[in-house]
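Please look through the sequence and the model shown here before reading the report.

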Amino acid sequence: SLPHTDWFPKDTRPDSFVEVVLTDINQEEKRCRSHQVDNDRNPYWDLCCLLTPDAAPAKLRVQVVDADLLDNELIGWVDLKPGVDQQLSWVGLESNDYDCKDCQILISMHIPSPRPPSTAVPMPFLPNALPQPMFPGVCSSPS
């Protein structure tokens with residue numbers, strides 16, 4: 001579960017979303033963002049997107065963010081290998097600002113077949129609930 005991130009008198013549970021950031025070897029970033037789940041320490045995001053880097057992918061980061069009126073706060077992140085299948089599993093989040101030793105998200109990443117052009121890297125399916133099969137289909141475009 002995610003930590004409490006907001007202050008009383010507001011509900012202290014986070015208003016969170018997931019952002020997938022693909023950085024290529026030239027440090028150019030492509031991003032894809034989930035919907036926001038308000039006031040929930042155990043949110044469910046069903047995010048599927050296709051990001052195509054302009055150069056070879058170097059880093060793939062999945063970050064959980066708390067949405068606030070003035071400034072969003074990074075709750076935690078996990079770095080994955082771009083272009084490599086990730087079996088459905090719980091992964092721990094790293095964090096600089098929150099005690100996230102128990103913060104985990106359930107991730108599955110699949111490279112579809114036939115493989116897209118060599119520069120296309122499919123992004124994670126991010127359910128944060130009971131394991132469910134990933135349904136093949138069309139992913140959303142990056143925002």
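## Basis of the report

This is a predicted model, in which local features need pLDDT of at least 70 and side-chain atom pairs count only at pLDDT 80 or more, while totals for chains, interfaces and linings use all residues. Residues are numbered from 1 along each chain as its sequence is written, and side-chain values use heavy atoms, with hydrogens and water left out.

## The sheet

Helices (H or I, at least four residues) and strands (E, at least two) are DSSP runs, numbered from the N terminus. Two strands pair if DSSP finds at least two bridges between them. Strands of a sheet pair through backbone hydrogen bonds, either parallel or antiparallel.

Here, four strands make an open sheet with antiparallel pairing, in the order β2-β1-β4-β5. Its edges are β2 (29-33) and β5 (73-80), each of which pairs on one side only. From one strand to the next, the twist averages 20°; for such angles, axes are lines fitted to C-alpha atoms (for helices, over the stretch in contact), and angles run from 0 to 180 degrees between N-to-C directions. Strand β4 (residues 57-66) runs antiparallel to β5 and is joined to it by seven bridges. Leucine 60 has leucine 80, in β5, as its bridge partner.

## The nonpolar core

A residue is buried under 20% relative accessible area, exposed over 50%, and partly exposed in between (1.4 Å probe, protein chains only). A nonpolar core is a set of buried Ala, Val, Leu, Ile, Met, Phe, Trp, Tyr and Cys residues joined through side-chain atoms within 4.5 Å.

The largest such core contains 24 residues, and Val62, Val64, Val78 and Ile105 have the most contacts inside it. Two or more residues come from each of β1, β4, β5 and β7 (104-109).

## Salt bridges

Side chains of opposite charge can pair when their charged atoms come close. A salt bridge is counted when a side-chain nitrogen of Lys or Arg is within 4 Å of a carboxyl oxygen of Asp or Glu. The count by this rule is six.

One of them joins glutamate 19 and arginine 31, with 2.9 Å from N to O. This pair links distant parts of the chain, since glutamate 19 is in strand β1 (residues 16-24) and arginine 31 is in strand β2, 12 residues apart. Glutamate 19 is buried at 14% relative accessible area, whereas arginine 31 is partly exposed at 33%. Glu19, Glu29 and Arg31 are linked in a network of salt bridges.

Another salt bridge joins aspartate 79 and arginine 61, whose closest N and O atoms are 2.7 Å apart. Aspartate 79 lies in strand β5 and arginine 61 in strand β4, 18 residues apart. Aspartate 79 is partly exposed, at 36% relative accessible area. Aspartate 99 and lysine 101 also form a salt bridge, with their closest N and O atoms 3.6 Å apart, and both residues are exposed.

## A charge over a ring

A charge sits over a ring if NZ of Lys or CZ of Arg is within 6 Å of the ring centre and within 35 degrees of the ring normal. The charged end of arginine 33 sits over the ring of phenylalanine 17, 3.6 Å from the ring centre.

## Two loop residues

Glutamine 27 lies in the loop between β1 and β2. Its phi is near 65°, a positive value in a residue other than glycine, and glutamine 27 is exposed at 60% relative accessible area.

Asparagine 39 lies in the loop between β2 and β3 (50-51). Asparagine 39 also has a positive phi, near 50°, and is partly exposed at 27% relative accessibility.
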